[in-house]
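Trainee: I would like to learn how to read salt bridges, cavities and surface patches in a model. Please start with the salt bridges.

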Amino acid sequence: MGVLVRSLRTAVSIPGALAPYDTAHVTVRYPALPARDDVERMSGRLAADPAGAPYPVVVLVSGVNCASEAYRWLAFRLVEAGFVVVGYDWVGELFAGEYGLTPGVDVVAAGPEHYGERPTTQALRPVLDAVAALNEAGQLAGLLDLDKVALFGHSAGGTVVLQSARAVWFPEVRAIVTYGAHTMASQMLGYPPSTLLPAAVDAPTLLVAGTDDGVVAASAIRYGEDPSSPAHDPVTRTFSEALPETTESWLVHLAGAGHLLAAHPEDPSTARGFLETPSDADPDRLRAVLGDLVATFLTAHLTDRPDAKSRLEQIAEHPPTEIADVRRR
């Protein structure tokens, strides 16, 4: 019998944001017990299954204009693997006068005068505080391991994760995974061309990218580079040059995968899928491999299960055909 996944929702204010763009809506998915009485059956408000507690927590940090529901497939996969999974939606300011779904990008903190002084996302700490409050009362009371938190960030969400997950700011973060993310700095923020910012991470980090990521390729112009040049490979540069040498680091490329593989179903009216490179690869199969990779990496680093560490080694040494390349240091 599979894991019964249920969700609960809350909201949190973002300090410093102006109304009405000052609220993030948070969805928490957890393993649940079947309904035990008519009240639970009719309301759908099911108790969490305490069997796997205390549960490590994974926060999914979305890309720009990607709703958190686009990562529901991954949330279910991770709940089934033994995590409680958190996503959030925040309609906030993307750039001056432009609003949309944002992972929270503090452009001042990301700029050349202040980079490294504080996290580049204003959302992560309030969201984690909201999760801590859920550990005090309700279905999840006492069932969360708030000292074992992982972050998964997609696209710009992955960038702010890589720029923010320093232990002094987020000591509870024990592992990081990103998809289609890097730390190259936009010239719009005042950086010279081809600037690569150091990643502010202290926990084991896995960078995943698609070999056919048209969005990253097209975005080269933001960094003063040639979109048609094979030398423009910001994810690999982030792995090789930006991640601290003292941090366990992995880089995995998925064969034929595009930028929006992680967001499914894609909303063609809002994200930038039109920049993707056509591919004959099977996206459902690639997502299955991505989900297995993320679950295995996080289980290996947030739990004591030796089978997960063995499975991670197996992926590294004998990767499935959907994985084009694995590097680690």
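Mentor: A salt bridge is a side-chain nitrogen of Lys or Arg within 4 Å of a carboxyl oxygen of Asp or Glu. Before we apply that, note that this is a predicted model, where local features need pLDDT of at least 70 and side-chain atom pairs count only at pLDDT 80 or more, while totals for chains, interfaces and linings use all residues. Residues are numbered from 1 along each chain as its sequence is written, and side-chain values use heavy atoms, with hydrogens and water left out.

Trainee: Which salt bridge does aspartate 292 make?

Mentor: Its side chain meets that of arginine 311, at 2.8 Å from N to O. The pair links distant parts of the chain, 19 residues apart: aspartate 292 is in helix α7 (residues 283-302) and arginine 311 in helix α8 (residues 306-317). Helices here are DSSP runs of H or I with at least four residues, strands are runs of E with at least two, and both are numbered from the N terminus.

Trainee: Why does arginine 311 count as partly exposed?

Mentor: The classes are set by relative accessible area, with a 1.4 Å probe and protein chains only: buried is under 20%, exposed is over 50%, and partly exposed is in between. Arginine 311 is partly exposed because its relative accessible area is 31%.

Trainee: Now the cavities. How is empty space found?

Mentor: Rolling a probe the size of a water molecule over the atoms shows where empty space is left. On a 1 Å grid over the protein atoms alone, a cavity is a set of points where a 1.4 Å probe fits but cannot get out, and lining residues have an atom within 4 Å of a point. Grid points are joined across faces, edges and corners, and the volume is the space filled by probe spheres set on the points.

Trainee: How many cavities of 30 Å³ or more does the search find?

Mentor: It finds two in the whole structure. The largest cavity has a volume of about 50 Å³, and its lining includes Thr27, Arg29, Leu60, Arg72 and Val85. The elements giving two or more residues to that lining are β2 (23-31), α2 (72-80) and β4 (84-95). The largest share, three residues, comes from β4.

Trainee: And the second largest cavity?

Mentor: That one holds about 30 Å³. Among the residues lining the second largest cavity are Ser62, Cys66, Trp90 and Pro103. Here too β4 gives the largest share, three residues.

Trainee: Last, which residues make the nonpolar surface patch?

Mentor: A patch takes residues with over 30% relative accessible area and no salt bridge, joining like charges within 9 Å and nonpolar side chains (Val, Leu, Ile, Met, Phe, Trp, Tyr) within 5 Å. Accessible areas come from the Shrake-Rupley method with a 1.4 Å probe, and for residues only the protein chains shown count as cover. Phe95, Val107, Val108, Met188 and Leu189 make a nonpolar patch of about 440 Å². Leucine 189 is in the loop between β7 (173-179) and β8 (205-210).

Methods: 1 Å grid on protein atoms, 1.4 Å probe; cavity = no way out; pocket = protein on both sides within 12 Å on 5 of 7 lines; lining within 4 Å.
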